[in-house]
Each structure stands twice: as structure tokens, then as C-alpha cells.
Amino acid sequence: GKIAYKNRKRNKKKYRVVVISITVSIVVFLAMFSFTQLLGDMVSVQYGDPGYSICVYLDDATEEDMQHFKEVAEREDVKGLTISKESWLGFEDQQLSYTKRAEEILCKEYEYTKTEMKEVLSDTSIDVIILSDETFFDYTKSIGAKNWDENQVVLVNNNKIQIEDKTVVYEIYDCKPGTSLKGYYYVYDAEVEEDEKRYASVNIGAVTDVRPVGFGERYYEGGLLVVSDSWMEQYSDMDVYGPNIYIDCEDADALQKDLISQYGYDSIYNIEEERRAEQTMLWIINIFLYGFITVIILISVTNIFNTVTTSMEVRRQEFAALQSVGMTPKQFRYMVRMESFFYGVKALVIGIVVGSVLSYILHDQLVGVMEMPYHYPWKGVLISIVAVALLLGGIMQYSLGQIRKQNIIETLRQDNV
């Protein structure tokens, strides 16, 4: 061990070349490994499991349309079908109040004063999502609501915005289950040619951050009210938009073709098709990145191999002298392996530290509006350690094999000549 350490001191230049080559390879590999892992995570977060494969957009739905989608729901390859409509309700007289966190964010984002904040709450609106009774009941079960009354609604009480390149999710209103509100909407009166304001009783039965199918990544500053068809029957004169039909199926492409050919629907969003396109792009990027990594590593490996083998060749007289004064083959192998150990450990320490810092910087710069935690590239670090051990072990084993072929006496005689 001491001799190996002294040899490292005497051959600083060659030692430095090897360490730098290995370090560069580790840093590049960890950075690119983290980058490709991050791209994959971003695709997963963006699409995740939205609960549907296809969405069909309709401006209005006839009884014939509803019959069509009833037939679609009965198909063997369809796992679920959700029909939703949209509307809105206004709320006056500061019936709702923002949470302290919401006040801080809105004041920072829009530079509201406290007076302006009150003015916003004096007349605010919330988007309304209308589900069939059966779908609404399943939704209330999924959020853990119990003893449900058909006159109650669900408040989805969170919003997501981007502030200074960071995604912030916050609770909007200081509102609890059991709260009763009075919402308003407008109905056009043809006689007087004006909009007439009408009112709706809104009883909050549950407050949640879980969105219905189709609204997983749709955030609204005022939140969402989720209601049932039965609740809407009380206010049948309220303007309603849609519906949108969300279909969860096994083969989105086949279903899309049938929807177009059999029923003539063309306003279709195929999330599986978009996901495949993203995955294909990710695959192409990975090929180029790993191709780049391979080129860099091959150059580094060639440099390391030439440097180490040349160093061993130049030092063959030194090795012969050590063996001639009594160093056993076992001690000689130990000395060479310790030199490899010094190379590897220093390069790994520097490379892993620099690569880890670089991977965090890449994460911090690339996540953008997507809220994603940083995952340390443990797998990449493990691969780096194993690769460096195998590389140096293989090169040293090759060098030892070359040295074993040499005759000690002949080597020393050549040195003297």
C-alpha cells in the first residue's frame, strides 16, 4: 500500500490524466442519466393516469348522441365512460374568504392590496362541473364523503399557478363542509331583452382537492363546484356547456376509428396517441444522448487504457527491480491493485459530487411549471461505481498479464545496457 501511494506521488502527471478522464466520464454519465430520467418523469407526471383514453367534445348533445354513447359504454373494450357538462355560479357579498396562503399568493402575483382583495371577493365566480347521478355518487365515494344528500355539492378547493418559474399549489377558500352559500346566474329575458339574475342554493357537502375525471390538470383560480344532474334539475334554466365524454378503454385507436366511422364524431382527443408521440420523442432523445455518452466514454476509456498501459510499460524495469529484491507475486499484484484503487476512489468522489450537483441544477432548471420532487440518481451512481471498478480492474489485469510474460533478468539487463 505504501509503495503504491509513493508510486502515485512520483507519477503525478499520468495519475492526474487518468483521474480527470474517469471524472469527466462519470460527470457526463450522471448528468445525462439524470436528464433522461427527468424527461421520463416529466412525461409520466404530464400524462400520469388521467382516468380516460379518449375525450369527445360536443357543442350540444341530442338524444341520439346519448344513445350512441350508451352503446359505446356497453362495449367489452370500454372500462368506463364519464359524461360531464360545465356552467358557472357567481357569489356576492364576500360569502367566501380566502385562506391566508391564498391571500399571500394573490397579493404577490397580482399585487392586490387588502382593499382590492375584498373587492375581488365581493363578486367572484366558480366554475361548475355537472356529472350524472351515478358518476357523481361514485365521485363522492372516491373522496370519502358519507351520508350524502342530493342537494349537496362538492367544492374542489385548490389551485395551481406558476410564480417565478416555480409551481405553487394552494388552498383557495377558508370553507368547511356544511357551509351554505347563495350563488347567482343569469337567464336571458327575451321580453325586456336583458339578462335576469337568478339565485341557487349551494350547500357544501365536502371540500376536497380531488378532481373528477377529465379535470385532473385543469385548474381554476376560483376552484370548482361539482354537482349532480339531480341538483341541476332545480335550476334547469341555467346555461350549460358541453357535454364532454371521457372514455377509458383498452384500444384508444380502434375506438377512435369507430367513433369517426360509425357515429361521425371528429372532435376527439386521443390522449394515448399523444402519449405515444411523447414517448417516441423521448426515445429518440435518449438514443442521441446515450450515443453522445458512449462517444465520450469510449474516448475516455481509450485515453485511460493508453495512459495506464504506457505507464506500466515504462515502469517495467522498476517492477523487475522490486521483484528481484524479494517482492512476491502476491505483493506485486496487491501494489498494482492499490494503485488502481487510488485512481478509482479519487475519480469517483470528485465525479459523483460534481455529477450530483449538475443533476440537481438540471432538475431545478428544467422542471418549470411541473411540480416534481428531485430524485437522486442512485442507480446512475451505482452503475458508475461498478463501471469504474470493472474498467480499472480489466486494464490492470491486462497490464499484469503483459508484465508476467517478461523475464526479470532480461528486463534488468536491458535497463543496464
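Reply: In this predicted model, valine 357 has a relative accessible area of 47% and is therefore partly exposed, since that class lies between the cut-offs of 20% for buried and 50% for exposed. Valine 357 sits in helix α11, which spans residues 329-366. Valine 357 also belongs to a nonpolar surface patch of about 720 Å², to which Phe341, Val345, Val349, Ile350, Val353, Val354, Leu358 and Ile361 contribute as well.

A helix with a buried side can be followed in α6, residues 133-142, where the buried residues are Thr135, Phe136, Tyr139 and Thr140. These four residues lie on the same side of α6, because the arc they cover around the axis is only 135°. Glu134 and Lys141, by contrast, are exposed and are carried on the face of α6 that is turned away from the buried side. The cover over the buried residues of α6 includes the strands β2 (78-92), β3 (123-131), β4 (152-156), β8 (194-208) and β9 (224-228). After α6 comes glycine 144, which has a positive phi, near 85°.

The aromatic side chains deserve a look of their own. A pair of aromatic rings is described by how far apart the centres are and by the angle between the planes. With ring centres required to lie within 6.5 Å, the count comes to 12 aromatic pairs. In the pair of phenylalanine 29 and phenylalanine 33, the centres are 5.7 Å apart and the planes stand at 35°, so this pair is tilted.

Tyrosine 184 counts as buried, at 6% relative accessibility, whereas tyrosine 186 is partly exposed, with a relative accessible area of 33%. Elsewhere, ring pairs link Tyr52, Phe215 and Tyr246 into a cluster.

Notes. Residues numbered from 1 in each chain as written. Predicted model: local features only at pLDDT ≥ 70, side-chain atom pairs only at ≥ 80, totals over all residues. Heavy atoms only, no water. Buried < 20%, exposed > 50% of the residue type's maximum accessible area, 1.4 Å probe, protein only. Helix = DSSP H or I, 4+ residues; strand = E, 2+ residues; numbered from the N terminus. Arc of directions from axis to C-beta. Contact = heavy atoms within 4.5 Å. Patch = residues over 30% accessible without salt bridge, like charges linked within 9 Å, V, L, I, M, F, W, Y side chains within 5 Å. Areas by Shrake-Rupley, 256 points an atom, 1.4 Å probe, with all protein chains shown as cover. Salt bridge = Lys/Arg side-chain N within 4 Å of Asp/Glu carboxyl O. Phe/Tyr/Trp six-rings, centres within 6.5 Å; stacked < 30°, edge-to-face > 60°.
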